[in-house]
Amino acid sequence: MSSSPPGVTNPMLYDAIPEGSGRTTKRNQFIAALGICMAAVSGGTALAWTSPVLPQLTPANESDTSAFEGERFLLTSDEGTWVGSFLAVGAFFGALPAGFLAEKIGRKYTTMSLALPYLISWALIVFASNAGMLYAGRLIIGIATGGSCVVAPMFISEIAETSIRGALGAFFQLHLTVGILFIYAVGSYTHWVTLSTLCAIFPVLLIVAMFIVPESPVYLVKTGRRIDAGVALKWFWGRDADTQSALQTIQSDLDAASGNAKLSDLFTNPTNRAALFISLLLMFFQQFSGINAVIFYTAPIFESAGSTMDPAICSIVVGVVQVVMTLASSILIDKAGRRILLLQSSFIMGSCLVVLGIYFKLQNDKVDVSNIGWLPLASVVLFIISFSLGFGPIPWMMMGELCAPDIKGLASALAVMFNWTLVFLVTKSFGIMQELLGSDWTFWFFGAWMAVCTVYVFIKVPETKGKTNAQIQAILSGKK
């Protein structure tokens, strides 16, 4: 089946299209990234869903359910924890199959297929009559979310010109935050069944978008469909694009790779190993930035600053900051570069975590902190801004940039599995850390990891701004 863009019924028409001046247009690349990232919006809604929903289903006092009359069922606090955690479990198991499918049936159809588990999961949740149905829904939506984290960044990195690859690469995290903001804004004022029904809109939009978007040219060249790849490039880059040069670059990158990669190739090949380890460590530092700890403490910190703002409004404010600053990152990333944004992110987040630790230490020691109530609030806002500019979007984007074409699917899947394992561990252990270490040492723990991160990024992480895949592979192999 041809993967020609809409309106191209005969792929051989590509031969009749002149190469033109080589001038490209960016519009369709942004349209395609927007469509693909409906998978990211869907993932964002899944991530944040428990925030407004669990308070509607989990009584603070489990013996007093008078305020919950009319609900089909209620959850115990332990069941609520598992409803939150099952998403990470599903995401872990969804990553590897998505990477495999992306190599077998293509990026386009793998992305489109992710809409099905999203829709199934929302149906299970909407019609849930017990905790078991919620568990199943959250597990399935986790599988779709994990798959989205693999395929969407891969797809975007393969359709984007070098000059805007960073901006489009940041789209994934940007649309995750859009999904999260949607949940905060709508979920705070609607019943959880209504909210879940509305969330099903985004997988439907994903299906519609992927009917319009062509297949990745890299995948088409890899499977011997060079004419289709040329047609796809004309759609993405414009009729005047020099597709012959672009196709030759893709072919050269594929020829330089080792063909169909095996798991062992990720570790025996020094270049592949370097790409994988950098991707894994960026994911590690993303989760050990303490982002979940800071988000968890947002409402109490607003209160300690003397704010009387409703906790729901606090969440919306945080969501808006994340969206706006991730959008700013997509603008800056191809101008400033990846390394400088990662370095500012780790350094500033580490500093904010130290300040938060000191504040909670003083508070625990019964020191009057009323005159510096603004300090933790400023730290949280600065932390979220810094995370959104750096360690929010860039690890996802660089995962797609660093890897050679033959290992991209497998390496991306492993990186995503690793990321979701960390999400599960950090989320489940956060409460234990608070009890054993206290809030102050919990923040200092994450702050110490940000200090390590700053040194690692400075020494080991290469700058990929404006570089082709061949140049990135040369850098990873140790060539100057």
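Let's start with helix α23, spanning residues 408–460: with nine residues, α23 gives the most to the lining of the largest pocket. Keep in mind that this is a predicted model. The space in that largest pocket comes to about 1,700 Å³. Its lining has 50 residues, and the closest to the pocket's centre are Leu47, Thr50, Asn292, Ile295 and Thr427. Sorted by class, the lining of the largest pocket holds 28 nonpolar, 19 polar and three charged residues.

Now move to the second largest pocket, where about 470 Å³ of space lies. Here 21 residues form the lining, with Ala160, Thr249, Ile250, Asp253 and Asn469 the closest to the centre. Two or more residues each come from α7 (131–159), α13 (226–237), α14 (243–256), α22 (394–402) and α24 (469–476). Of these, α14 supplies the largest share, five residues. By class, the lining of the second largest pocket divides into nine nonpolar, six polar and six charged residues.

Next, look for the aromatic rings. Across the whole structure, a search finds 19 aromatic pairs. One of them joins Tyr359 and Phe360 in an edge-to-face arrangement, with 5.7 Å from centre to centre and 85° between the planes. Are these two residues buried or exposed? Tyr359 is buried because its relative accessible area is 2%, under the 20% cut-off. Phe360, at 7%, is buried too.

Aromatic residues also gather in a group: Phe284, Phe285, Phe288, Phe445, Phe446, Trp449 and Tyr456 form one cluster. Finally, find Lys108, whose charged end sits over the ring of Tyr109, 5.8 Å from the ring's centre.

Note on methods:
Residues are numbered from 1 along each chain as its sequence is written. This is a predicted model: local features need pLDDT of at least 70, side-chain atom pairs count only at pLDDT 80 or more; totals for chains, interfaces and linings use all residues. Side-chain values use heavy atoms; hydrogens and water are left out. On a 1 Å grid over the protein atoms alone, a cavity is a set of points where a 1.4 Å probe fits but cannot get out, and a pocket is an open set with protein on both sides within 12 Å along at least five of seven lines; lining residues have an atom within 4 Å of a point. Grid points are joined across faces, edges and corners, and a volume is the space filled by probe spheres set on the points. Helices (H or I, at least four residues) and strands (E, at least two) are DSSP runs, numbered from the N terminus. Ala, Val, Leu, Ile, Met, Phe, Trp, Tyr, Cys and Pro count as nonpolar, Asp, Glu, Lys and Arg as charged, and the others, Gly among them, as polar. Rings of Phe, Tyr and Trp (its six-membered ring) pair if their centres lie within 6.5 Å; planes under 30 degrees apart count as stacked, over 60 as edge-to-face and the rest as tilted. Buried means under 20% relative accessible area, exposed over 50%, partly exposed in between (1.4 Å probe, protein chains only). A charge sits over a ring if NZ of Lys or CZ of Arg is within 6 Å of the ring centre and within 35 degrees of the ring normal.
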